[in-house]
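Please have your viewer open as you go.

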Amino acid sequence: MNSLLKQAAYPFNIRRNVQDLITHTDDLVARRHDIARQIEAADRDGGMIPTHEARQWLDRVESARLSADTIRGRYEQRCRMFGGCSLNLWSNYRISKRAAERLAIVRAYEGVPSPSTIDPPALAAVNIPIESVQIHSQESILEEALRCITEGPSAIIGICGPGGVGKTHLLKRINNNFVGDSTFRLVIFVTATRGCSVQTIQTQIMERINLNRDGDSVTRANRIVRFLKAKSFLLLVDDLWGGELEMGSVGIPYPLKNEGQLKQKVVITTRSPTICELMNVTTHVKVEVLEDDEARELFMEYNGHKGLYSDPHIGDLAKELVKELKGVASQLIHFGKEMRGRKDPKRWEDAIFVVKTSDTTHLQDEDQLSLVSVL
């Protein structure tokens, strides 16, 4: 009986049902705007993403708004046509019942999801493709560096050595070692290089952790520090030149925290011991040029000519070239490749001349494997 009375009342309650729907929907849409702005600010300032529940809630509220607008439009159209509420009971019944049904749904959405945002899922480290270079003496250096990072007390670790000895390669291997590892929440690899600005380093960090890059360097630094301050992270800074990395200016939380489960560490590579001092490096990992025997092995590996030194035509020239390369791994690899298959002594003499007469500092730039052509 009550059900029949409820059905019979719909045509006569149309104004109240539609108005209630409009009022509750407008309130819900206002909340939706607030939540959407909070999510946008969290994304911009901290790289947060909406929860699955929040996304669903936003979509459902938008769907509810569209349905309410449709019902409101039909009701207002009938009012305009008839100068007030229509006397068509069947039409009024349908609109009123639909408004009441939608109102129940709107009321069910009035509970705002909490939390509305979460940290985005992220791989601890993103794999960096690197050439597989077998330098046996550097395996122990890698192990030492990893031990300092994961077990040692030092917050800032310096990998120091002359150009071309493999510091960049070593740092990339450190990065790749943490792919799939849970020691750090984030592993961030940035390249400093000569003349690098604070903004350039900030951009690399923000791209890695998906932060909005708008604003000046101070705004960006504040955004980065808010994101990183409570997280375990490993920052790998390659090829630091000219002066210290001002971590506060970049947005790196300082002093770094290493307590309990929270690990915050920075590893730099540089040619300059002075930079290590400026950066308050307490653990130093030295990378040196290769010894003669390993230098010859590395050169021959990339030259592809295992009997190179016994060749009566070019053996002595090859030995001289390797000697002039002074154990610099990057150039041993480069010239090993360049001289592969070369049987003309003149070509070897040209290569030796190039090495002897080139600017040594320029020649040893890491990853500068195409400085000259000796073809």
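Predicted model: local features only at pLDDT ≥ 70, side-chain atom pairs only at ≥ 80, totals over all residues.

**Cysteines**

- Cysteine 160 is buried because its relative accessible area is 11%, and the cut-off for buried is under 20%.
- Cysteine 196 has a relative accessibility of 25%, so this residue counts as partly exposed.

**The cavity**

- The largest cavity has a volume of about 50 Å³.
- Its lining is made up of Val133, Ile135, Gln138, Glu139, His169, Leu170 and Arg173.
- By residue class, the lining of the largest cavity has 3 nonpolar, 2 polar and 2 charged members.
- Which helices supply at least two residues each to this lining? They are helix H5, residues 136–150, and helix H6, residues 167–177.
- H6 gives the most to the lining, with 3 residues.

**Helix H7**

- Helix H7 covers residues 198–209, which makes 12 residues.
- At 1.5 Å a residue H7 should span 16 Å, and its end C-alpha atoms are 17 Å apart, so the two values agree.
- Which residues of H7 are buried? They are Ile201, Gln202, Ile205, Met206 and Ile209.
- Looking down the axis of H7, these buried residues fall within an arc of 130°, so they line one face of the helix.
- An α-helix has 3.6 residues a turn, so residues three or four places apart point the same way.

**Backbone geometry worth checking in your viewer**

- Proline 255 sits in the loop between helix H9 (247–250) and strand S6 (258–259).
- Aspartate 239 is not a glycine, yet its phi is positive, at about 65°.
- You will find aspartate 239 in the loop between strand S5 (233–238) and H9; with 21% relative accessibility, aspartate 239 counts as partly exposed.
- Lysine 326, also a residue other than glycine, has a positive phi near 55°.
- Lysine 326 belongs to the loop that runs between helix H12 (315–324) and helix H13 (329–338).
- Is lysine 326 buried or exposed? Its relative accessibility is 52%, so lysine 326 counts as exposed.

**A pair to look at in space**

- Glutamate 131 and histidine 169 are 38 residues apart in sequence, and their C-alpha atoms are 8.4 Å apart in space.
- Glutamate 131 lies in the loop between strand S2 (117–118) and H5.
- The relative accessible area of glutamate 131 is 36%, so glutamate 131 is partly exposed.
- Histidine 169, the partner in this pair, is also one of the residues lining the largest cavity.

Conventions. Residues numbered from 1 in each chain as written. Heavy atoms only, no water. Buried < 20%, exposed > 50% of the residue type's maximum accessible area, 1.4 Å probe, protein only. 1 Å grid on protein atoms, 1.4 Å probe; cavity = no way out; pocket = protein on both sides within 12 Å on 5 of 7 lines; lining within 4 Å. Points joined across faces, edges and corners; volume = space filled by probe spheres on them. Helix = DSSP H or I, 4+ residues; strand = E, 2+ residues; numbered from the N terminus. Nonpolar A, V, L, I, M, F, W, Y, C, P; charged D, E, K, R; others polar. Expected span 1.5 Å × (residues − 1). Arc of directions from axis to C-beta.
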